[in-house]
Amino acid sequence: MLATERKQVILGIDPGTAIMGWGVIRQEGSRLRYVQHGAITTPSDWEMPRRLDRLFRGVTELIRGYRPSAVAVEELFFNTNVTTAITVGQARGVALLAAYRAGVEVFGYTPLQVKQAITSYGRADKRQVQEMVRALLGLRAIPRPDDAADGLAVAICHAFSHRMSGVKGGG
């Protein structure tokens with residue numbers, strides 16, 4: 001590897017209040033290496049402040065444990081359900097806050113940007129994105145749950161986007 005090639009650990013997050021998917025990859029120049037994936041979950045019968053606290057603490061623990069140089073968080077996709085958009089926005093907010101408090105640079109990507117980066121097709125379906133995540137990281141199976149595969153996709157999107165354009169954070 002050339003001395004100028006970038007090495008970084010990237011934490012990708014797919015925000016949600018019931019399930020917040022996450023994935024960690026290591027980028028070494030043009031190579032991507034799988035590190036880990038999972039999900040932070042909260043029971044639906046918990047009040048929202050308690051759920052957000054669990055998500056915040058979970059993301060904080062991930063940052064402490066994996067020491068990423070960047071956190072990539074999927075941006076809010078606003079559909080017709082305003083209530084869902086608000087709750088996902090709250091989950092996204094606690095992820096941004098956890099990264100900010102840890103001093104880690106935050107980057108945001110729309111679902112369209114993620115699909116485009118992973119499959120080269122902005123209208124790819126969920127299964128196509130998941131299969132490409134599996135292939136790009138050399139995994140035997142598609143990561144589960146789906147939200148964790150989405151977290152890995154966001155991390156991969158950041159690796160590809162950051163390498164290509166030198167994009168700066170904005171979260």
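## Solvent exposure and basis of the model

A residue is called buried when its relative accessible area is under 20%, exposed when that area is over 50%, and partly exposed in between, with a 1.4 Å probe and protein chains only. R67 is exposed, because its relative accessible area is 69%.

The structure is a predicted model, in which local features need pLDDT of at least 70 and side-chain atom pairs count only at pLDDT 80 or more, while totals for chains, interfaces and linings use all residues. Residues are numbered from 1 along each chain as its sequence is written, and side-chain values use heavy atoms, with hydrogens and water left out.

## Strand pairing

Helices (H or I, at least four residues) and strands (E, at least two) are DSSP runs numbered from the N terminus. Two strands are said to pair if DSSP finds at least two bridges between them. Strand 1 (residues 7-14) pairs with strand 2 in the antiparallel sense over eight bridges, and Q8 stands opposite Q27 in strand 2. These two strands, strand 1 and strand 2, form a hairpin with four residues between them. Strand 1 is also joined to strand 4 by four bridges, and this pair runs parallel; the bridge partner of I10 in strand 4 is A70.

Strand 2 is joined to strand 3 (residues 31-41) by ten bridges in an antiparallel arrangement. Within this pairing, M20 has I40 of strand 3 as its bridge partner. The hairpin of strand 2 and strand 3 has two residues between the strands, and G29 in this hairpin takes a positive phi near 65°. As regards burial, strand 1 is largely enclosed by the rest of the structure, because seven of its eight residues are buried. Strand 2 is mostly covered, with eight of its ten residues buried.

## Aromatic and charge contacts

Rings of Phe, Tyr and Trp (its six-membered ring) pair if their centres lie within 6.5 Å; planes under 30 degrees apart count as stacked, over 60 as edge-to-face and the rest as tilted. By this rule the count is one aromatic pair. The pair consists of W22 and Y66 and is tilted, with 5.8 Å centre to centre and 45° between the planes. It links distant parts of the chain, since W22 belongs to strand 2 (residues 19-28) and Y66 to helix 1 (residues 48-66), 44 residues apart. W22 counts as buried at 9% relative accessibility, whereas Y66 is partly exposed with a relative accessible area of 29%.

A charge sits over a ring if NZ of Lys or CZ of Arg is within 6 Å of the ring centre and within 35 degrees of the ring normal. R50 lies over the face of W46, at 3.7 Å from the ring centre.

## The largest pocket

On a 1 Å grid over the protein atoms alone, a pocket is an open set of points where a 1.4 Å probe fits, with protein on both sides within 12 Å along at least five of seven lines; lining residues have an atom within 4 Å of a point. Grid points are joined across faces, edges and corners, and a volume is the space filled by probe spheres set on the points. The largest pocket has a volume of about 600 Å³. Its lining comprises 26 residues, of which D14, E74, F77, P111 and K126 are the closest to the centre.

Ala, Val, Leu, Ile, Met, Phe, Trp, Tyr, Cys and Pro count as nonpolar, Asp, Glu, Lys and Arg as charged, and the others, Gly among them, as polar. The lining of the largest pocket divides into 13 nonpolar, five polar and eight charged residues. At least two lining residues come from each of helix 2 (82-102), helix 3 (111-119), helix 4 (126-136) and helix 5 (146-165). Helix 3 gives the most, with four residues.

## Backbone features in loops

R67 has phi near 50°, a positive value in a residue other than glycine, and is found in the loop between helix 1 and strand 4 (70-74). S120, also not a glycine, has a positive phi of about 65°. S120 lies in the loop between helix 3 and helix 4 and is exposed, with a relative accessible area of 58%.

A cis peptide bond joins R144 and P145, with omega about -5°. P145 is placed in the loop between helix 4 and helix 5.
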